[in-house]
Amino acid sequence: MSSIPAKRTPLLAAVLAAAVVAAAGTAPVARAEPSPGASRPSSGEGDVTLLPPLPVRLGEGQPCTGPSAQKATGAPWAVPVLGLSRAHRLADGSGVTVAVVDTGVAPGIPGLKGRVTAEGAAGQDCAGHGSFAAALIAGAVRSDSGVTGVAPGADILALKGTDDRGVPSPELVAAGIREAADRGADVIYVGHTLRTGRAELTAAVEHAADKDALVVAPAAPDAVSREEVEANGGQPPRGPYWPAAVPEVLAVVEFGPDGLRQRDAPPSHDPDLAAPGASMVSAGPGGEGHYIASGASLAAACVAGAAALVRERHPELSAAEVGRRLTATGYPANPKRVDPYAALSLTTAEMDEYAAPPAARVRPPADPGPRVTALTVAAVSAGVVALLAALAVVLPRGRARRWTPPGLPGSG
């Protein structure tokens, strides 16, 4: 056990540092600004860049998400928190295919060139969410930016899970999961939550499990519409959400630079892991600029990238075993926080030792022999003292009476 805390120190230090600096208002992180239409992330080099927010989905008649004119040059806060510089010394996801079942992935995204295969309509991305998530999963670092994906060597297989407006449906997501599994994807990322479709999504996930593909999905929606809140009696729905609620799926929730979820984040349902997901910086569906966004779906993208790293580093593990390794090596919290470096570096023995609850330490019972002897000596000594005290009283009186009982001749 002594070697494990040392491996986790960078993650804890990064989380604490981000929380402290964020509280001071000068954090090297992407943070939402109160002004509408833009958010302000600052890089580790101290520069400040205005990034446009990525829409959760497009309304009717709203134009497609265009290229961002702004670029983040420094590394976002999630990069040191995930310990990616250390993790990438061990694996970068090369040879692993991650399917992105989402809004599609736009062609020509910097950092993904030559590593994206799109199925049908998934080669275009009007909403932008799928492109953003794909770059979080596998975007390679560029010379003009510190933004990088979790598994920058992985290949992306893009499949449609939504319509052109970014609205998912159980039928599209289930078909995307099945297609991804049939085409040999090692990890399948689903970018949206659904409140219906339990039967078809469960069957699709089980099909993927039979093909040895690990499905990763958000355990909470990125946002809840006013209509959904009103339909739920004025409260945001609390799940379950599909496919995350299927037992074989790795369900993920987000946290921000301060280690907490945003106050207005929709309630999560039974997450397995947590990962960075608030104020995330990634590519848009065109151009070389960046967007900023928040939500559990982006945390799931980080975990999908971590799963790709593990699948490269430990090819002998099944999809289910990869999921168990990620949860077993997660940094202690509720839920555990994904720790890519630990998942890559810990041996099976260390992992099992860390995952098991510590044994209670109970002192062995003391040898009763010395205590009994001491008590016996003390009792005997007390008895002797009492006897001597009694004799000190009785003997003088006995001599005075010549040892004759009171009332008899000669007694006094």
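In which sense, right-handed or left-handed, does H4 pass H8? In the predicted model examined here, the crossing of H4 past H8 is right-handed. Two packed helices are described by the angle between their axes and the distance between those axes. For helix H4 (residues 129-138) and helix H8 (residues 296-313), the packing angle is about 40°, and the axes lie 8 Å apart.

On the H4 side, the contact is formed by His129, Phe132, Ala133, Leu136 and Ile137, which meet Ser297, Leu298, Ala301, Ala304 and Gly305 of H8. Classified by residue type, this contact of H4 with H8 comprises seven nonpolar and three polar residues, with no charged residues. An α-helix has 3.6 residues a turn, so residues three or four places apart point the same way.

The burial of H4 extends over its whole length, since 10 of its 10 residues are buried, that is, under 20% relative accessible area; H4 is therefore largely enclosed by the rest of the structure. Among the buried residues of H4 are Gly130, Ser131, Ala134, Ala135 and Ala138. Besides H8, the elements against which the buried residues of H4 pack are the strands S3 (97-102), S5 (155-160), S6 (187-190), S10 (280-283) and S11 (290-293).

These helices belong to a chain that contains 12 helices and 11 strands, and in which buried residues account for 49% of the 412 residues. Of the contacts in the chain between residues at least 6 apart in sequence, 72% join residues at least 24 apart. The accessible surface of the chain amounts to about 19200 Å², with 57% of this area belonging to carbon and sulfur atoms.

How values were computed
Residues are numbered from 1 along each chain as its sequence is written. This is a predicted model: local features need pLDDT of at least 70, side-chain atom pairs count only at pLDDT 80 or more; totals for chains, interfaces and linings use all residues. Side-chain values use heavy atoms; hydrogens and water are left out. Axes are lines fitted to C-alpha atoms, for helices over the stretch in contact, and angles run from 0 to 180 degrees between N-to-C directions. Helices (H or I, at least four residues) and strands (E, at least two) are DSSP runs, numbered from the N terminus. A crossing is left-handed if the near helix is turned anticlockwise from the far one by less than a right angle, and right-handed if clockwise. Contact means heavy atoms within 4.5 Å. Ala, Val, Leu, Ile, Met, Phe, Trp, Tyr, Cys and Pro count as nonpolar, Asp, Glu, Lys and Arg as charged, and the others, Gly among them, as polar. Buried means under 20% relative accessible area, exposed over 50%, partly exposed in between (1.4 Å probe, protein chains only). Accessible areas come from the Shrake-Rupley method with a 1.4 Å probe; for residues, only the protein chains shown count as cover.
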